[in-house]
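Open your viewer and get ready to click along. Each stop tells you what to select and what to look for there.

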Amino acid sequence: MTEDELQLLRAALRARERRIADLERALHRQGMYDPLTGLPNRELLLDRLDHALALALRHPSVTAVIQIDVDRFGRLNDWLGSEGGDAALVELSRRLRAVLRPGDTLSRVGADEFAVLCVQLESERAVHDVATRLLSTLDEPMGTGDRQFVLTVSAGVALARDGHRRPGDLLADANSALDRAKRRGGMRHEIFDAQMRERLVDRLQIENELRTAVERDELRLEYQPIIGLREGRIVGVEALVRWQHPRLGLIGPDQFVDIAEESGLIRSVGAWVLRHATMQAAAWRGGDGDPPPLELAVNLSARQLSRPDALEETVKAALRDSGLPPGLLALEITESSLVDDSDAEAAEAALARLRRLGVRLVLDDFGTGYASLAQLKRLRFDAIKVDRSFVASLGRSDEGEDALLVAAIIHMATALGLTVVAEGVESPQQLRRLSALRCAHGQGFHFARPLAPGRLRELLVDPPAVWSAS
Ligand code: C2E
Ligand code: MG
Ligand code: MG
């Protein structure tokens, strides 16, 4: 072999080595990256997280994971078809990546799940800002023409702490925070913190204790008046459940209703509430001086709606045993229970049965979900309660859009024959504004807080004169 031939052979061998190396890299890449979005996959994320946690032990900066999940992706996917769904995920990943810093890793960890690894943040506050930015990149609609839609996500944030030695632990914490964000209706982020962890442990204990709370007669009801704004008098009361906990004292529904829902205990809690509230309302009716009929509002949970036959039986029994006329019972349902993927059909069936019993249907927290007024009309709701987040700024100099929204809601709802109740009325300014907008009913601390039955009775007999706006 001549020197020239040898050179050629060496060059060919080197070229071949390079090709093999390229191929190996591509193969490696395929195992580490998501083919649809081109983002790192879970394996690669865990690997980078491992490095980041090791580094975090030596550097004082903050490391965090943000777990992201598309709200109701199943529905969107059905509507867009799987190709359209894929395109939406690609667009989503493009938008999310656009707001991250170069050192951060965005990865796709499940069909509609993403996770962001943020390293070297200056403060914990900065994580909150990143999460807010991630969520707000989705404000702009996606799609084109008449196929436009707004995709929303929920996010759970976990900050790396000493306890997080393994990447999986941090991801698990981000996941719990994500669950919480979902439970609270989505379109939000929640931060996992030490207290959150304690609450998790607490949850199990609370769930156990809640099992016996009904038998031990530890539940209580408070009643908050609903005021007719024109008349300035009480037209109804909403029953709100509390738990006289042997160790923790009186605790509010925010601390146990979601536990009751997840564990299925809400059915027995809900039945207890219906039975006691209807008895109480019937007793007020028979009181001295014959007060005008009071409507009783009782909150239902989505879980109760998912079993139409059981719910119908419970409501029927409560009406029969208390003697309360069905027309005086209003059942409040939150918007999210109507639009939840799995249970929407059962919920509609349940509503139809309740209607047939002659009770009234009220949509609670209107404006926090996706229900349209037309849909409410179709489902034959009688009233809507405008969520207090819209009422908060009314009558202030910065009321802006909220006032327009409330005005439009009142206008449209009234045209459709729905009664409007404003929630969270806390000031005389809000009351004046609502009266000017011809809102029919109001509820809130300005009138009265939720009260024990005895205190409410005093209000019924001797109402204050300051409730009407004029
Ligand atoms: P909700 O049905 O929207 O009830 C109104 C909540 O707003 C009550 O909180 C009430 O105390 C509070 N609130 C009333 N006026 C004002 C105000 O002017 N300002 C502010 N900031 N808050 C006001 P609560 O009693 O803690 O109940 C929270 C939620 O728990 C209720 O929201 C309802 O969704 C749920 N809940 C309460 N009782 C039951 C029940 O018996 N069954 C079920 N499934 N859920 C219930
Ligand atoms: Mg309510
Ligand atoms: Mg409400």
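Which domains does the domain assignment give for the protein chain? Select 28–191 for domain 1 and 217–467 for domain 2; these bounds come from an automatic or database domain assignment. Before going on, know that this is a predicted model, where local features need pLDDT of at least 70, side-chain atom pairs count only at pLDDT 80 or more, and totals for chains, interfaces and linings use all residues. Residues are numbered from 1 along each chain as its sequence is written, chains are lettered from A and ligands numbered from 1 in the order in which they are written, and side-chain values use heavy atoms, with hydrogens and water left out.

**Stop one: between the domains**

Colour the two domains separately. Their centres, taken over C-alpha atoms, lie 36 Å apart. Six residues from domain 1 and seven residues from domain 2 take part in the contact, which means heavy atoms within 4.5 Å. On the domain 1 side, the touching residues are one nonpolar, two polar and three charged. In this grouping, Asp, Glu, Lys and Arg count as charged, Ala, Val, Leu, Ile, Met, Phe, Trp, Tyr, Cys and Pro as nonpolar, and the others, Gly among them, as polar.

About 650 Å² is buried between the domains, with 38% of that from carbon and sulfur atoms. Buried area is the accessible area (1.4 Å probe) that two parts lose on being put together, summed over both. Now select Arg 72, Arg 75 and Arg 183: they supply 78% of the area that domain 1 buries against domain 2, more than any other three residues.

**Stop two: the magnesium ions**

Which residues coordinate the magnesium ion (ligand 2)? Show Glu 238, Asn 299, Glu 332 and Asp 364, whose donors sit at 1.9 to 2.2 Å. Donors are N, O and S atoms within 2.8 Å of the metal (3.2 Å for Na, K and Ca); water is not among the atoms, so sites may look incomplete.

Next, select the magnesium ion (ligand 3), coordinated by Asp 364, Asp 365 and Glu 423 at 1.9 to 2.8 Å. The two ions are 4.1 Å apart, and Asp 364 coordinates both.

Asp 364 is buried at 5% relative accessible area, whereas Asp 365 is partly exposed at 23%; buried means under 20%, exposed over 50%, and partly exposed in between (1.4 Å probe, protein chains only).
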